[in-house]
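User: Hi! I'm new to this one and would like a friendly tour. Could you walk me through it?

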Amino acid sequence: MYLLIDAGNSRIKWLYGSSVPGIVEAASYREDWRTKLWRAWHLLPEPKRIAMSSVKNDDIVDDVATIADDLWRKPVHVFTAQKETNHTLTVAYEDATLLGSDRYLAMLGARGLTHEPLCVVGCGTAITLDVVEHDGQHLGGLILPGIRLAENALLQHTQKLKPMRWTPNPLGNDTASCIGAGIHHALPAGINGIMDELETATGHYYHRFAFGGDAQILFGNRPDYRIEPDLMFRGMIDRLAAENTD
């Protein structure tokens with residue numbers, strides 16, 4: 001069994017297992033997450049390997065490594081993006097290590113589901129889009145503010161605006177619902193428009209995957225998007241398997 005850890009911007013998640021889907025648990029950084037991890041992990045049988053993706057600073061990685069060493073005297077493998085991954089994915093960045101490991105692992109996870117052209121949309125603190133061709137060539141991506149970042153930017157830099165209120169309609173009828181419509185509907189519509197343009201330019205279809213805490217909110221009502229909550233963990237498992245064959 002693996003202990004797989006995803007240290008995101010707002011919370012840390014983990015999966016104990018060797019396949020997905022699985023039971024994913026989480027702790028917010030706003031709570032005493034170190035104590036919660038120790039209490040949860042000390043009940044687990046010793047994992048075969050411990051591996052981690054982090055978009056946070058090194059302090060988080062060091063704290064997790066300390067807990068793992070205290071419990072099992074095992075090292076924590078920290079994922080970094082690679083230019084070439086076992087003939088499965090070729091990262092577009094000139095320096096692949098600068099690509100967030102969350103985006104890298106999500107692309108690997110999606111490649112494990114299909115070898116046809118695809119895109120992966122991460123829906124967390126930030127919205128990310130990455131596009132991969134059938135041969136594994138990463139075309140590149142984009143980064144946008146997520147739901148809460150977009151709302152906070154409006155509230156902090158304008159006056160007389162109110163916190164957003166979600167609406168199922170594409171247009172709001174008061175300020176709060178207008179902000180909600182702009183964030184909840186315009187963000188996914190923008191991603192969708194970019195992918196439609198790319199399909200027109202290339203002449204082929206891209207399978208569309210979405211993952212992250214806000215994936216269901218943003219893309220759950222769009223039938224051309226497949227919600228894959230465990231996409232990053234799938235990528236971790238595939239990456240560890242690839243290391244055994246590299």
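**A first look around**

Analyst: Happy to. Let's start with Asp102, which is in contact with Ser53, Val55, Phe211 and Met232, leaving aside neighbours within four places in sequence. Please keep in mind that this is a predicted model.

User: Where is Asp102 found?

Analyst: Asp102 is found in helix H3. UniProt lists Asp102 under "active site", in an unreviewed entry.

User: How exposed is Asp102?

Analyst: Asp102 is partly exposed, because its relative accessible area is 21%, and the cut-off for buried is under 20%.

User: Which residues does the "binding site" annotation cover?

Analyst: In the unreviewed UniProt entry, that annotation covers Tyr93, Gly100, Ser101, Asp102, Arg103 and Thr175.

User: Why do they not all gather at one spot?

Analyst: They span 83 residues in sequence and the farthest two C-alpha atoms are 40.2 Å apart, so they do not all gather at one spot. From this set, Gly100, Asp102 and Arg103 are part of the lining of the largest pocket.

User: Tell me about Arg103. Is it buried or exposed?

Analyst: Arg103 is buried, because its relative accessibility is 7%. Arg103 is found in helix H3. Beyond its neighbours within four places in sequence, Arg103 is in contact with Tyr93, Thr128, Leu129, Asp130, Gly141, Leu142 and Ile143.

User: And where does Tyr93 lie?

Analyst: Tyr93 lies in the loop between E7 and H3. Tyr93 is partly exposed, with a relative accessible area of 28%. Not counting residues up to four places away in sequence, Tyr93 touches Lys83, Leu98, Leu99 and Arg103.

User: Which element gives the most to the lining of the largest pocket?

Analyst: That would be H4, with three residues.

User: Why does the largest pocket lie between domain 1 and domain 2?

Analyst: Domain 1 (2–78) and domain 2 (115–243) both give residues to the lining of the largest pocket, so the pocket lies between them.

User: How does the lining of the largest pocket divide by class?

Analyst: The lining of the largest pocket has eight nonpolar, 12 polar and eight charged residues.

User: What about the second largest pocket? How many residues line it?

Analyst: There are 13 residues lining the second largest pocket, and Ser54, Val78, Phe79, Thr80 and Ser101 lie nearest its centre. The space in the second largest pocket is about 170 Å³. By class, its lining has six nonpolar, five polar and two charged residues.

User: How many cavities of 30 Å³ or more turn up in the whole structure?

Analyst: A search of the whole structure finds one. The largest cavity has a volume of about 30 Å³, and its lining is made of Asp6, Lys13, Phe211, Pro229, Met232 and Phe233. Four of those lining residues are nonpolar, none are polar and two are charged.

User: Where is the place of Asp6?

Analyst: Asp6 sits in strand E1 (residues 2–7). Asp6 is buried, because its relative accessible area is 8%. Not counting residues up to four places away in sequence, Asp6 touches Arg11, Ile12, Lys13, Ser53, Met232, Phe233 and Met236.

User: Now the backbone. Which peptide bond is cis?

Analyst: The peptide bond from Val20 to Pro21 is cis, with omega near 0°. Pro21 is found in the loop between strand E2 (11–17) and strand E3 (24–28). For background, most peptide bonds are trans, and most residues other than glycine have a negative phi.

User: Which value does phi of Asn86 have?

Analyst: Asn86 has a positive phi of about 50°, although it is not a glycine. Phi of His87 is also positive, near 60°. Asn86 is in the loop between strand E6 (84–85) and strand E7 (89–90), and His87 lies in the loop between E6 and E7.

User: His87: buried or exposed?

Analyst: His87 is exposed, because its relative accessible area is 77%. Asn86 is partly exposed, at 36%.

Terms used. Residues are numbered from 1 along each chain as its sequence is written. This is a predicted model: local features need pLDDT of at least 70, side-chain atom pairs count only at pLDDT 80 or more; totals for chains, interfaces and linings use all residues. Side-chain values use heavy atoms; hydrogens and water are left out. Helices (H or I, at least four residues) and strands (E, at least two) are DSSP runs, numbered from the N terminus. Buried means under 20% relative accessible area, exposed over 50%, partly exposed in between (1.4 Å probe, protein chains only). Contact means heavy atoms within 4.5 Å. Ala, Val, Leu, Ile, Met, Phe, Trp, Tyr, Cys and Pro count as nonpolar, Asp, Glu, Lys and Arg as charged, and the others, Gly among them, as polar. Domain bounds come from an automatic or database domain assignment. On a 1 Å grid over the protein atoms alone, a cavity is a set of points where a 1.4 Å probe fits but cannot get out, and a pocket is an open set with protein on both sides within 12 Å along at least five of seven lines; lining residues have an atom within 4 Å of a point. Grid points are joined across faces, edges and corners, and a volume is the space filled by probe spheres set on the points. UniProt positions are given in the numbering used here, feature names are shortened, and annotations may be inferred rather than shown by experiment.
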